Amino acid sequence: MINQMTTNILWIDDEIDSLKAQFLFLEGKGYTVATASNGYDGLEYIKNNHVDVVLLDESMPGMTGLETLIEIKKISTLLPVVMVTKNEAENIMEDAIGSQITDYLIKPVNPNQVLLTLKKILDRKSLVSEKTTHNYQVDFRNLFMDLQDSPNHEEWKTLYKKIVYWELEIQKADSPEMMDVFSTQKAEANSDFCKFISKNYAKWIAGKDAPILSHQLMKEKVLPNLEKGKPLFFVLIDNLRYDHWKSIEPIIAESFRINDEDIFYSILPTSTQYARNAIFAGILPIDIEKKFPEQWRNDDDDGGKNNSEKEFFANQLKMWGKSDLKFSYTKITNHADGETMANNMLNLMHNDINIIVYNFVDMLSHARTEMEVLKELANDEVSYRSIATSWFLHSPLHEALKKISDKNVKVIIATDHGSVRVKNAEKVIGDKSTTANIRYKHGRNLNYDSKQILAFKDPAEVGLPRPNMNSSYIFALNDTYLCYPNNYNHYVKFFNNTFQHGGVSLEEILIPVVVMEGKGS
């Protein structure tokens with residue numbers, strides 16, 4: 001809590017003598033109260049003394065409260081100001097709020113009203129932290145019991161939503177001690193989730209008791225939302241984790257009504273080449289390779305790995321008897337392309353479906369690995385979320401969505417996979433055909449520590465093509481990353497604490513799909 005003995009209040013009012021009872025009450029609660037009978041004296045006091053909060057009369061002769069407020073903000077934009085007014089006229093309060101008052105009180109005020117306002121302003125952070133700590137302590141045991149209760153794939157979705165909720169709440173509370181406790185519990189949850197995936201993934205690929213996987217997303221979550229006369233925009237933001245979505249949700253909710261928020265499961269590898277192609281093709285990678293041998297690219301093949309998504313999607317529409325639908329496909333890989341798309345957004349309204357693939361978050365993840373400055377800016381989960389949120393707020397994508405927010409449209413936001421911050425290196429030995437990926441590899445005669453790796457000797461078992469004779473796939477679990485013995489220490493240091501994808505973790509596999517409508521719908 002704030003030490004009230006060091007909290008200095010300045011009360012500016014032309015009838016200051018009538019407020020002595022208020023001052024005595026606040027001083028009795030441990031606050032120090034200074035006074036000024038006009039705006040000029042109040043400004044002079046602020047220039048020469050430390051002030052924590054200003055209580056400012058709105059109606060004063062000479063310099064009015066609003067005029068004084070403007071001058072106070074010139075001295076200190078962060079100084080909290082509470083406007084005390086007899087007048088609730090809308091234009092006056094709009095002016096006051098526009099000039100950044102922190103709160104306001106209507107005369108006559110009683111001492112307890114003032115005290116409550118001061119506590120709300122000065123102690124808010126510590127009060128929020130205490131409340132969050134208490135609530136998390138209550139829910140901690142519930143989360144622990146849920147983890148012990150062998151959750152199924154639907155229950156894991158609910159559990160992960162709870163985990164992300166508490167991660168964001170604890171972030172707001174800014175409590176390092178509580179975050180340490182939470183991080184331990186999240187790590188335990190991730191370990192249990194990896195065991196769950198290891199046990200069930202091959203069964204799901206065979207079609208037994210499976211959640212919605214990447215190749216089923218269009219059929220199960222997108223195409224059922226088609227309505228005649230209502231354009232559907234499917235926006236795939238590459239590498240958008242569920243916690244990223246929850247961070248940008250308040251921005252989007254200003255313009256759209258969110259009808260449904262769900263989580264689906266990315267296929268393995270949790271990488272763009274496999275998961276995103278599966279989304280647009282509506283079939284698993286092993287079947288994409290068979291059906292489109294010219295378009296499919298293995299990891300070690302030359303050329304772009306996701307250059308045929310439009311063709312894949314057209315074939316999927318035909319597969320589901322919807323080839324008569326008119327659709328557009330737009331891929332954004334830089335800011336200029338994004339601005340062009342935003343300017344063209346209204347011209348897309350005549351299509352039944354508009355596909356928009358936006359690559360920023362994935363590029364941020366890769367750039368963070370390569371660029372030291374981004375490693376500093378996004379050195380943990382909080383800063384990674386912050387950069388992703390800031391990008392979206394100022395992005396052409398946000399601008400484009402706002403342009404259709406008042407139209408009769410549906411928008412679905414989804415992603416292809418997430419990413420996880422890696423911390424534990426594992427040595428993998430393989431021949432020259434072994435791929436260089438950090439979270440998964442395929443090759444022949446792979447040697448590794450099986451405790452931290454999920455392996456499939458037969459790629460077909462999990463819907464994957466076999467690039468070479470006797471190729472097998474391995475996937476890093478939890479926060480592990482895979483390095484070769486050659487120059488091992490260099491690569492361990494280079495990739496440590498970077499965000500990677502391709503393996504098995506809550507963050508990579510459990511990803512958002514959100515259905516919303518424009519407010520003109």
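The charged end of lysine 441 sits over the ring of tyrosine 484, 4.2 Å from its centre; a charge sits over a ring if NZ of Lys or CZ of Arg is within 6 Å of the ring centre and within 35 degrees of the ring normal. Lysine 427 places its charged end over the ring of tyrosine 488, 4.7 Å from the centre. This is a predicted model, in which local features need pLDDT of at least 70 and side-chain atom pairs count only at pLDDT 80 or more, while totals for chains, interfaces and linings use all residues. Residues are numbered from 1 along each chain as its sequence is written, and side-chain values use heavy atoms, with hydrogens and water left out.

**Aromatic pairs and cluster**

- Across the whole structure, 28 aromatic pairs are found; rings of Phe, Tyr and Trp (its six-membered ring) pair if their centres lie within 6.5 Å, with planes under 30 degrees apart counted as stacked, over 60 as edge-to-face and the rest as tilted.
- Tryptophan 391 and phenylalanine 392 form an edge-to-face pair, with 6.1 Å between centres and 65° between planes.
- Tryptophan 391 is buried at a relative accessible area of 12%, and phenylalanine 392 is buried at 0% (buried means under 20% relative accessible area, exposed over 50%, partly exposed in between, with a 1.4 Å probe and protein chains only).
- The ring centres of phenylalanine 456 and phenylalanine 475 are 6.2 Å apart and their planes stand at 65°, so this pair is edge-to-face.
- Because phenylalanine 456 belongs to strand β14 (residues 453-456) and phenylalanine 475 to strand β15 (residues 472-476), the pair ties together parts that are 19 residues apart in sequence; helices (H or I, at least four residues) and strands (E, at least two) are DSSP runs, numbered from the N terminus.
- Phenylalanine 456 is buried, with a relative accessible area of 6%, and phenylalanine 475 is buried at 0%.
- One aromatic cluster is formed by Tyr201, Tyr274, Trp296, Tyr440, Phe456, Tyr473 and Phe475.

**Proline 269**

- Proline 269 lies in the loop between β7 (256-265) and α11 (272-281), and is buried at 0% relative accessibility.
- Not counting residues up to four places away in sequence, proline 269 touches Tyr274, Ala275, Tyr440, Leu464, Phe475 and Gly502 (contact means heavy atoms within 4.5 Å).

**Nonpolar cores**

- The largest nonpolar core has 101 residues, of which Phe234, Tyr265, Val411 and Ile413 touch the most other members; such a core is a set of buried Ala, Val, Leu, Ile, Met, Phe, Trp, Tyr and Cys residues joined through side-chain atoms within 4.5 Å.
- Helix α8 (residues 176-205) supplies the largest share of this core, eleven residues.
- Apart from this core lies another, of 19 residues, among them Ile16, Leu19, Val82 and Ile121.
- Neighbours within four places in sequence aside, valine 411 contacts Phe233, Val235, Phe256, Leu401, Ile404, Val514, Val515 and Met516.

**Helix α14**

- Gly338, Met341 and Ala342 are the buried residues of helix α14 (residues 335-344).
- Viewed down the axis of α14, these residues fall within an arc of 100°, so they line one face of the helix; the arc is that of the directions from the helix axis to the C-beta atoms.
- The buried residues of α14 pack against β8 (327-332), β9 (353-358) and α18 (396-404), whereas the face turned away from the buried side carries the exposed residues Thr340 and Asn343.
- Asparagine 334 caps the N-terminal end of α14, with a side-chain oxygen 3.2 Å from the backbone nitrogen of alanine 336 (a polar contact is a pair of N or O atoms within 3.5 Å; within protein, one must be able to donate a hydrogen and the other to accept it, and residues adjacent in sequence count only if both atoms are side-chain atoms).
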